[in-house]
Each structure stands twice: as structure tokens, then as C-alpha cells.
Amino acid sequence: MQKTSIETMTGPRILPADDASIAEAASKLSKGGVVAFPTETVYGLGGSSMDPEALDSIYRLKGRRQDNPLIAHVLDIESACSITTGWDDRCTLLAEAWWPGPLTLVLGRASDVPDQASGGRPTLAVRSPEHPVARALLKAFGGPVSAPSANRSGAVSPTCAQHVIDDFSGNPDADGLIVLDGNRSRVGIESTVLDMTLDPPRILRPGVLTAEVLQPLIGQIETTTIREQDASPGTTDKHYSPQTPCMLVEEPELVEHLSGNNQRCVVITSISGRSSLVQPPHELIVMPIDPVGYAVELYEALRRADAERADLILIEIAGENDPNWLAVRDRLMRAASDRIS
Ligand code: TXA
Ligand code: MG
């Protein structure tokens, strides 16, 4: 009898998140394995924060630079304090207001946490996710789980289980990878990363929780512009990028490209009435007009646009100078950036 190749059947697979699959995922984590799981922001690719080999596997699987630190996911403040140093009253105020939720705090790294958990840095980022499947997994595993977004390094973050499969199927390192299905991520873009080791604290990566929302709790917070983020490697330069060339445009440029020489464009916009301008062979993706709704659909839209295999993705950017649009603008600027980190 001919042997059927098991290997071809063990690529990444989606499992509905139930007690059995969560127990299976937790058991994998206990054995040093890596699993993909939903969070309310984006899907994560997790391994035990205390296991250097599991952490190495995450970097390998993603193709991520070894010096790009990971976020440790915890159930609560107590667990966060067990792996960090320097937790203070301001952290408690922030966590009591926003945990579980899309807020990551950078603190000192406790001495027994492996170097790989934070790309060799003396600091460690921690966050308590809100998604019930993420919480059930953390509970079943019983320890902190380090997890970057579950995409190939530099690519668009996943907001549903199928996105993870799209990124890792065919990758031999992803054989047997479990992807727990927790439906579409509610927030849609990654957490706000707030560095609490600086005075005043500084936002290293903008998210839906803005400085304006956090400042009333702890006083002044600094924000970082896209070009000065060396403090948080991996937040610089080209990131969240589709393979199709991507440009941010205003109306005159949009019109110029659409009428230009035989190139097919996908237009992503929240400006109404664009359907008369964007005619076949071009494609139109209409986005919500509010920043929260836009964030939810952003990565899905970039993936859909990329799947069109057009010549160019044109994005009309919204919300100039409005802090509520900062995180979306940040992701769009990176998607369109040519600089490779
Ligand atoms: O919403 C999220 O944060 C998602 C979900 C899965 O929790 N995770 C996520 O992880 O976006 P990742 O690895 O794709 O992005 C982590 C960001 C990177 O920009 C990294 O540089 C920054 O957090 N970061 C992590 N640890 C840090 C540290 N010790 N110091 C400075 N920046 C840090
Ligand atoms: Mg990421």
C-alpha cells in the first residue's frame, strides 16, 4: 500500500475554540509549542514567556528579527507583576481602567524571564487581552504567553483565523500549528504600547486608546511620530504591508492614477461618492467614516486589496490632525512605506 504523506496533511489548521481545543492548545504551550489564538486586537502567535525554545520558535516561524521584542499576555495584574519590575500606582490605575483590553505597558523585565521574551532588552511589554478565548487559553495554560501578531514579519496583521492560515500554509515550520477560531477581532488594530519606564511615559505605538484617553488617569504622556520609533523596534518603517505597491493619495493624485496608462488600481477610501470616479477595471473598497469602525476593517481591506493582484493600491487617508485617527494613519503610513526595517 502506498504511504500517504502525513506531512502534507499537517499544515496549520483552524479549530473552533471549545474546551477540547483550548485544552489541546494549552498542552502544546506546556510542551514548548506555539499556537495561534484570537485577541480583541489581532490574532497572536503564542508560546510560553518562560520557555526560551518556544520563544525562539515564534521568531523563526514569523521570520522576525531577534531583537524585535514580544508582548507577554497575562490574565491579571498579579501575573504581570510576577514577570516585570517597576509596576507602580500609575500602572494600577491604567490596568484597573483598561485591562483586560488593548493597552500594553512596557516595564522592567524580571530576572527569571528569558532574554528572548523581549528581544534581549532589559524591559518587557505586558498586556491582558480581553478576548474570552485568549483568556481561556491563558487560564488553561496557567502562565504568561508571549505573542506577536500571527502574521509573517512585515505583513498585514491577521484579524481572523483564515488570515493566519493564509500567511502560514505552505511554511514547513507551521506544520501542526493550531489556530483557535475566535471570529473577527473586535478592535482590528494592535494595542497601544505605552513605555512606563520613561518619565513622562511615552506611547511607542498608537492604538485605539489614545494619549487623550489615558492622560486623565496618570498625567502627561508623550506621543511618538512614525519616524522616531527606534525605542520600539519593529514599529519603524515598512510594516503592515500588502505585496502590491501601496500609496497614500489626495484627490488630484487619485484622479491622475485612475486615468493613467493601463494600470489597474484598488482604491480604499471612506470618502463618499467615489463610485462614480472608480470604474472598472479599477476596484473600490469603501471604508467606515469613523476611526473605530475604520480600524476594525482596515487589515481585512488591505488583504482584500492585495488579493486583487492589481498594479497599485491607492488609499485616501482620513482624519488629518485628529488624535482619534492617529493609530489608523500610523498603520496606513507604514503600509505605504518603502523603507524596510
Ligand atoms: O495588540 C497587540 O499588541 C497584538 C496582540 C496579539 O496582543 N500583539 C502585537 O505584537 O501587536 P507585535 O509583536 O506584533 O508588536 C509588539 C510591539 C512591537 O512594535 C514591539 O517593538 C513593541 O510592541 N514592544 C514589545 N516589547 C517592547 C519593549 N520591551 N520595549 C519597547 N517596545 C516593545
Ligand atoms: Mg505585528
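Pro-281 is found in the loop between S14 and S15, where helices (H or I, at least four residues) and strands (E, at least two) are DSSP runs numbered from the N terminus. A cis peptide bond, with omega about 10°, joins Pro-280 and Pro-281. This is a predicted model, in which local features need pLDDT of at least 70 and side-chain atom pairs count only at pLDDT 80 or more, while totals for chains, interfaces and linings use all residues. Residues are numbered from 1 along each chain as its sequence is written, chains are lettered from A and ligands numbered from 1 in the order in which they are written, and side-chain values use heavy atoms, with hydrogens and water left out.

**Backbone features**

- Most residues other than glycine have a negative phi, and most peptide bonds are trans.
- The peptide bond from Trp-99 to Pro-100 is cis, with omega near -10°, and Pro-100 lies in the loop between H4 and strand S6 (103-109).
- Asn-183, in the loop between S9 and S10, has a positive phi near 60° although it is a residue other than glycine.
- Asn-183 counts as exposed at 58% relative accessibility, given that buried means under 20% relative accessible area, exposed over 50%, and partly exposed in between (1.4 Å probe, protein chains only).
- Arg-309 is not a glycine but has a positive phi of about 50°; Arg-309 is placed in the loop between helix H9 (291-307) and S16, and at 58% relative accessibility it counts as exposed.

**Salt bridges**

- Side chains of opposite charge can pair when their charged atoms come close.
- The structure holds 15 salt bridges, each being a side-chain nitrogen of Lys or Arg within 4 Å of a carboxyl oxygen of Asp or Glu.
- Arg-127 forms a salt bridge with Glu-40, and their closest N and O atoms are 2.8 Å apart.
- Because Arg-127 lies in strand S7 (residues 123-127) and Glu-40 in the loop between strand S2 (35-37) and strand S3 (44-48), this pair ties together parts that are 87 residues apart in sequence; both Arg-127 and Glu-40 are buried.
- Glu-316 and Arg-274 meet through their side chains in a salt bridge (2.7 Å, N to O).
- Glu-316 lies in strand S16 (residues 312-316) and Arg-274 in the loop between strand S14 (265-269) and strand S15 (283-286), so the pair ties together parts that are 42 residues apart in sequence.
- Glu-316 counts as buried at 3% relative accessibility, and Arg-274 is buried with a relative accessible area of 9%.
- A network of salt bridges links Glu-190, Asp-330, Arg-331 and Arg-334.

**Nonpolar surface patch**

- Leu-93, Trp-98, Val-213 and Leu-217 form a nonpolar patch on the surface, with about 290 Å² of accessible area together, where areas come from the Shrake-Rupley method with a 1.4 Å probe and, for residues, only the protein chains shown count as cover.
- Patches are made of residues with over 30% relative accessible area and no salt bridge, with like charges joined within 9 Å and nonpolar side chains (Val, Leu, Ile, Met, Phe, Trp, Tyr) within 5 Å.
- Helix H4 (89-98) and helix H7 (211-218) each supply at least two residues of the nonpolar patch; Leu-217, found in helix H7, is partly exposed with a relative accessible area of 31%.

**Cysteines**

- A search of the whole structure finds zero disulfides, a disulfide being a pair of cysteine sulfur atoms within 2.5 Å.
- Cys-81 is in no disulfide, and the nearest cysteine sulfur, that of Cys-91, is 7.9 Å away.
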